[in-house]
Amino acid sequence: MDSAIEVRSLRRTFEASRKQQSKGTAPKVALNDVDLTVSPGTVHSLLGPNGAGKTTLCKIVSTMLLPSAGSANVAGFDVVKETRQARAGLGVVLGGERGLYDRLTPVENLMFWAAMYSMPRRKARVRIAELLEKLGLTGVENQRVETFSRGMKQRLHLARGLIADQPVLILDEPTVGMDPVAANGFRALIRDLRFEGKTILLTTHNMEEAGDLSDRLSFIDGGRIIAEGTPSELMRSTGSGSRLELPDLSSSQRSEILASIEPLDAQVSEDGTGGLVLVLEEQAVTKALTIVAAAGVSVFSVTPPSLDDLYVNLVGDRGMSLG
């Protein structure tokens, strides 16, 4: 099999309501002529801001939404014409808390979903025990889901997506709501699944997560894929510049630096601490350091550009998470 997921010329539009149409509102184009190939046994991440089209693409590939035009295949099966066969090979975890029955326990929830896949009860109980242990839910397996935190519910969503051990997994922001320990455990699980030969289409706002887990990355914005490649290929596309980090600046230092670096054509973003991150061409670094010293800044670091910088360069800082 050459591709586990193959998308060609995919387009999806959403019609405006009658009231909106009366005001001249045009249909919303969520996906616009998207091509995507995910090879078997790889992790492929979709990155982009909210509203870029990531979830719409996942829903079409997972047979939950019809495309307006184009095609999508899973394991060689067309998701529109051969829906049953395509769906049989898919495990799906979408963001949010829908899909769980709050008044049931984790075991009862998973037994229900196992029955949906016609899994024998004995086999289901063994599989459920494995998943609950792997996802850190042992000890709470007989508590009602309504008592769970958001992160615990998200782990149960993961268990549901893995229940039938399908070869292709669609994971739409699966670590949302998880604490750092749980998120690290999830990343270890993704590595294990990849080692087992699973194919994973992952969406995330977390650049560290994407760079750490992915064989290939696709950046999507405005319904179009605007860049694609391996993490190393994409990093090379940022050029041979440097990343200059300036933490904890005073307002006067920020103003002075921003005014002085304008001729250097630097890519500028904030670091969340009141400081700045500058990405510059190599020949501009010395001049930038002179400006920084003149502003009275003594704490800084110079490193190669990161995946965060590439994201900002492509789509701005909308919807980005740094850790």
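Leaving aside neighbours within four places in sequence, with which residues is Ser-269 in contact? In this predicted model, Ser-269 is in contact with Gly-275, Leu-276, Val-277 and Val-312, once those sequence neighbours are set aside. The chain is divided into domain 1, covering residues 5-235, and domain 2, covering residues 240-304, and the centres of the two domains, taken over C-alpha atoms, are separated by 38 Å.

**Ser-269 and strand β12**

- Ser-269 is found in strand β12, which spans residues 267-270, and it counts as buried because its relative accessibility is 15%, below the 20% limit for that class.
- Among the contacts of Ser-269 is Val-312, a residue 43 places away in sequence whose C-alpha lies 7.8 Å from the C-alpha of Ser-269.
- Strands β12 and β13 pair in the antiparallel sense over four bridges, and within this pairing Val-268 stands opposite Leu-278 of β13.
- The two strands β12 and β13 form a hairpin with five residues between them, and in the turn Gly-272 has a positive phi of about 90°.

- Strand β13 runs over residues 276-280 and is mostly covered, with five of its five residues buried.

- Strand β1 (residues 5-14) and strand β4 (residues 69-74) are joined in the antiparallel sense over five bridges, and the bridge partner of Arg-8 in β4 is Ser-71.

**Helix α4 and its cover**

- In helix α4 the buried residues are Pro-106, Val-107, Asn-109, Leu-110, Met-111 and Ala-114, and what covers them includes α5 and α6 (150-162).
- Just after α4, Ser-118 takes a positive phi of about 60°.
- Arg-127 has its place in helix α5, which comprises residues 121-134, and it counts as buried because its relative accessibility is 16%, which is under the 20% limit.
- When residues up to four places away in sequence are not counted, Arg-127 touches Met-119, Leu-162, Ile-163 and Asp-165.

**Aromatic pairs**

- The structure holds three aromatic pairs, and in one of them the rings of Tyr-101 and Phe-112 have centres 5.4 Å apart and planes at 80°, so this pair is edge-to-face, a description that requires an angle over 60 degrees.
- Because Tyr-101 lies in the loop between β6 (90-93) and α4 (106-116), whereas Phe-112 lies in helix α4 itself, the pair ties together parts that are eleven residues apart in sequence.
- Tyr-101 counts as partly exposed at 42% relative accessibility, and Phe-112, with a relative accessible area of 33%, is likewise partly exposed.
- Tyr-101 and Phe-112 belong, with Trp-113, to one aromatic cluster.

**Charged ends over rings**

- Arg-160 lies over the face of Trp-113, at 5.1 Å from the ring centre, and Trp-113 is itself a member of the cluster with Tyr-101 and Phe-112.
- Elsewhere, the charged end of Arg-12 sits over the ring of Phe-14, at a distance of 4.5 Å from the centre of that ring.

Definitions and conventions
Residues numbered from 1 in each chain as written. Predicted model: local features only at pLDDT ≥ 70, side-chain atom pairs only at ≥ 80, totals over all residues. Heavy atoms only, no water. Phe/Tyr/Trp six-rings, centres within 6.5 Å; stacked < 30°, edge-to-face > 60°. Buried < 20%, exposed > 50% of the residue type's maximum accessible area, 1.4 Å probe, protein only. Lys NZ or Arg CZ within 6 Å of the ring centre and 35° of its normal. Domains from an automatic or database assignment. Contact = heavy atoms within 4.5 Å. Pairing = 2+ DSSP bridges.
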